[in-house]
Amino acid sequence: MMQIIRFAVLIVAIMSLLYPVIAIFSRSLALEALERKWEASHPGVVGVERDNFLAEGMAAYRKSLRRRIVPFAALLPAVAVAAIAYLVNHT
Amino acid sequence: MTILKFLKLLKWSLRIVAFLSVAVVLQYTLPSRDIVLVTDTYNRMTTIGDNAMFYATPDVGSNDHETRDIRFVEAAYPDGSVIVYRNEDTGWVWPPYFKYDSSNLQAEASQLRSTPKDPTWVAITHYGWRIPFFSIYPNAVAVTAISGPDVKLFPWVNIVVIVMIALAALFLRALWRQFLERTILPVFGQARAQVEAIEAQGDAVAGVARRRWSLFSGWLGTWRGKPRM
């Protein structure tokens, strides 16, 4: 019993480190894609227009499906452990 | 040998050592299946000493050098050579099998017991190594009856696990590169721009100094009788 609790604490600790990193990574990719898109359509143009374009794009990203799926990454270890435990012990 | 050559050699040695370590850990940890017949199942008091890392982790607070009852499964390969498996719960961290049905597995193995004269062939899924010198045994994870000793078993689980590990490694690499490209390098880029600005300023100062020096040396030249520039 203690082992399971220790293991759960370990996973929660690892995921609470890893999850923000994944979220930041996903955000950073979205921002980079927007910057590339702007650079392709308005080469060399910087200023308020570009800032607005990026801000709108990031607002759309915050509502996107991808952004909503990211939190489920935190559940992956638990799902994997449950699947392995089931396959090893109950089949 | 130049220092560069040495560093290159060091880099490759470290890479090879890292690759081999990962390979050895995976070879120990990933499941593999033996086609055998189970000849006996029993438990025996076993003293665990310095080879403890190849046994299940004891509970917190118990002695490292301990004697405990461990289930074993004896089996024979089709060619007559033998193998002994231990059958222990794995616990919850490493190796990540999360096995807690050792009693059931022992019962299944007992049920499938047979003799070489009238063999019941089974596939025993296990991880670990049998090294008699260190008294270590592979840990059996599952036992299934199969039709005969010539059945071909394809290691799907291993392929899936290795692909997942590779994907995770690539993901972490992409993550690190993104961080480097978007967070760390821009800082260096700013620092570099500042250095260049300072250098440009320095050049300007040096230019003024040079001009003054040439005026001064020209003035000196008037005393030496050198022709004026």
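I'll start with one residue in chain B. Leaving aside neighbours within four places in sequence, B:Ile124 is in contact with B:Arg33, B:Asp34, B:Val36, B:Ala75, B:Tyr85, B:Ala140 and B:Val143. Bear in mind that this is a predicted model.

Some of those names come back in the next item, the core. The largest nonpolar core counts 19 residues. Those with the most contacts inside it are B:Ile124 itself, together with B:Val38, B:Ala75, B:Ala140 and B:Val143. Which elements of chain B each supply at least two of its residues? They are strands S1 (32-48), S2 (66-76), S4 (121-127) and S5 (139-145), plus helix H2 (102-111). S5(B) gives the most, with four residues.

Next, the annotated spans of chain B. An unreviewed UniProt entry places the feature "transmembrane region" at residues 12-30 and 153-176 of this chain. In the model, residues 12-30 of chain B are 95% helix and 0% strand, with the end C-alpha atoms 26 Å apart. For residues 153-176 of chain B the figures are 88% helix and 0% strand, and the end C-alpha atoms lie 38 Å apart.

Last, the interface. On the chain A side, 15 residues are in contact with 14 residues of chain B. H1(A) gives the most, with ten residues. How does the chain A side divide by residue type, and how many are charged? Eleven are nonpolar, three are polar and one is charged.

Notes:
Residues numbered from 1 in each chain as written. Chains lettered and ligands numbered in written order. Predicted model: local features only at pLDDT ≥ 70, side-chain atom pairs only at ≥ 80, totals over all residues. Contact = placed C-beta atoms within 7 Å. Nonpolar A, V, L, I, M, F, W, Y, C, P; charged D, E, K, R; others polar. UniProt positions renumbered as here; feature names shortened; annotations may be inferred. Core = buried A, V, L, I, M, F, W, Y, C linked by C-beta atoms within 7 Å. Buried ≥ 20, exposed ≤ 12 C-beta atoms within 10 Å, placed from the backbone.
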